[in-house]
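Let's take a walk through this model together, one element at a time. Keep the viewer open and follow along as the names come up.

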Amino acid sequence: MRHTVVGVFNRYAEAQHAAQQLRESGFGDSVFVTESLGDDATTGTTATPAPDRDEGVLASIRQFFSGLFGDDDTTAVQPYADAVRRGGAVVRVEVDEDRDADSARGLLESAGAVDVGEEGNVGLEPALGGLDTGSAAASTPTPAATGATDTASRRGDVEDEQVIPVVQEDVQVGKRRVATGGVRVFARTVETPVHESLDLRTERAVVERTPVDRPATSADLERGAEQTIEVRESVEEPMIQKEARVVEEVRVGKVVEERTEQVDDSVRRTEVEVEPLQAARSGGSTQGVAVGSTATDDDGARFRRHFDANFASGGSRYEDYEPAYQYGRSMSDDPRYSVRDWDASEPDLRRNWEARYPGSAWERFKAAVRHGWERMTD
């Protein structure tokens with residue numbers, strides 16, 4: 001559903017600034033601003049318009065809303081025309097989503113869209129509104145939120161404004177896995193030469209013929225009849241036989257050990273202290289006194305007596321030590337230290353002192369700070 005969000009501003013420059021913020025926030029070409037009426041729009045003065053100018057402004061506003069109101073619906077358009085005649089301006093934003101309409105309303109309000117029902121805007125309708133232009137029953141903008149007061153417009157009168165960002169660190173403690181090494185196991189076959197000595201035996205047949213000349217006996221006759229003799233030869237050869245045996249097992253795995261570790265760190269945040277400046281009594285420099293502390297003449301007299309008794313003999317000036325007395329006095333009123341003793345507070349007091357007065361050594365002025373501190377805590 002199409003939505004039209006409208007914001008009314010007291011000054012044309014404020015409307016231009018709001019439109020720029022909307023465009024930078026992603027609304028782009030869906031942001032429209034009424035035209036300036038010249039000096040009245042830029043200065044915010046109220047002029048008495050002529051009748052023909054009234055009609056021109058009314059027609060311009062009716063055209064600005066692009067047919068959202070009927071041609072005869074002067075009552076709905078009149079409040080916006082009145083705002084423009086008074087030197088103001090109207091910003092219109094066209095969006096399709098509900099959440100975009102809410103975002104546009106918030107930006108217009110934060111940019112200084114006025115609640116035109118407030119004093120000084122009598123006769124005008126509420127400043128912020130939304131129109132469901134996707135429906136046939138589009139009507140006068142209904143209030144989605146009260147407009148911002150003129151505080152935003154008054155900020156234009158602030159001079160020499162400086163901003164101190166307040167920064168606070170958040171800490172998130174987690175864990176991560178870090179590789180610390182490991183093992184890689186390889187398995188391969190290695191051949192190792194084997195040298196052994198073997199005594200081998202060879203058997204060969206030997207036939208020898210020996211000439212003999214002797215008378216044959218009966219035994220010779222019997223053996224020489226028919227006889228066969230066999231002698232077999234043999235030789236021993238080396239033989240290698242292998243047998244594979246498992247002699248060791250190598251297992252590879254992990255042993256998981258869990259431990260608890262204490263993680264210590266610190267987070268930082270910005271602390272802003274506001275001190276109104278108090279004029280010095282006679283020719284001295286202006287010194288800071290913390291909010292909530294009121295320096296009195298009696299305190300000054302006590303501080304000067306302490307100075308005369310402890311530091312004057314060294315040639316120092318009271319004006320150099322007065323900030324230390326006032327610093328101790330103001331810190332004693334600080335809620336962070338008012339319930340703590342000096343020993344517990346000194347580290348923080350020293351850190352703040354060195355940040356505030358980087359050229360002033362703590363050890364030199366510590367006694368004066370402590371006197372101002374104890375003057376109030378006592």
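Predicted model: local features only at pLDDT ≥ 70, side-chain atom pairs only at ≥ 80, totals over all residues.

Let's begin with strand β1, which spans residues 3–9. How many of its residues are buried? The count is seven of seven, so the strand is mostly covered, with buried meaning under 20% relative accessible area. For a partner, β1 has strand β3 (residues 89–95), and the two pair in the antiparallel sense over seven bridges. A handy place to check this pairing is Val8, which stands opposite Val90 in β3.

Next comes helix α1, made of the 16 residues 12–27. Its end C-alpha atoms are only 20 Å apart, whereas a straight helix would reach 22 Å at 1.5 Å a residue. Which residues of α1 are buried? They are Tyr12, Glu14, Ala15, Ala18, Ala19, Leu22 and Phe27. These residues lie on the same side of α1 because the arc they cover around the axis is only 150°. Just after the helix, Gly28 adopts a positive phi of about 55°.

Helix α5 (residues 98–110) can be read in a similar way. With 13 residues, α5 reaches 19 Å from its first C-alpha to its last, close to the 18 Å expected at 1.5 Å a residue. Buried in α5 are Ala101, Ala104, Arg105 and Leu108. Their arc around the axis is only 100°, so they share the same side of α5. Arg99 and Ser110 are exposed on the face turned away from that buried side. Just after α5, Gly112 has a positive phi, here of about 110°.

Ile164, Val166, Val272 and Val274 make a nonpolar surface patch of about 390 Å². Where is Val272 placed? It belongs to the loop between β7 (234–235) and β8 (277–278). Val272 counts as partly exposed because its relative accessibility is 43%, and that class lies between the buried limit of 20% and the exposed limit of 50%.

Terms used:
Residues numbered from 1 in each chain as written. Heavy atoms only, no water. Patch = residues over 30% accessible without salt bridge, like charges linked within 9 Å, V, L, I, M, F, W, Y side chains within 5 Å. Areas by Shrake-Rupley, 256 points an atom, 1.4 Å probe, with all protein chains shown as cover. Salt bridge = Lys/Arg side-chain N within 4 Å of Asp/Glu carboxyl O. Helix = DSSP H or I, 4+ residues; strand = E, 2+ residues; numbered from the N terminus. Buried < 20%, exposed > 50% of the residue type's maximum accessible area, 1.4 Å probe, protein only. Pairing = 2+ DSSP bridges. Expected span 1.5 Å × (residues − 1). Arc of directions from axis to C-beta.
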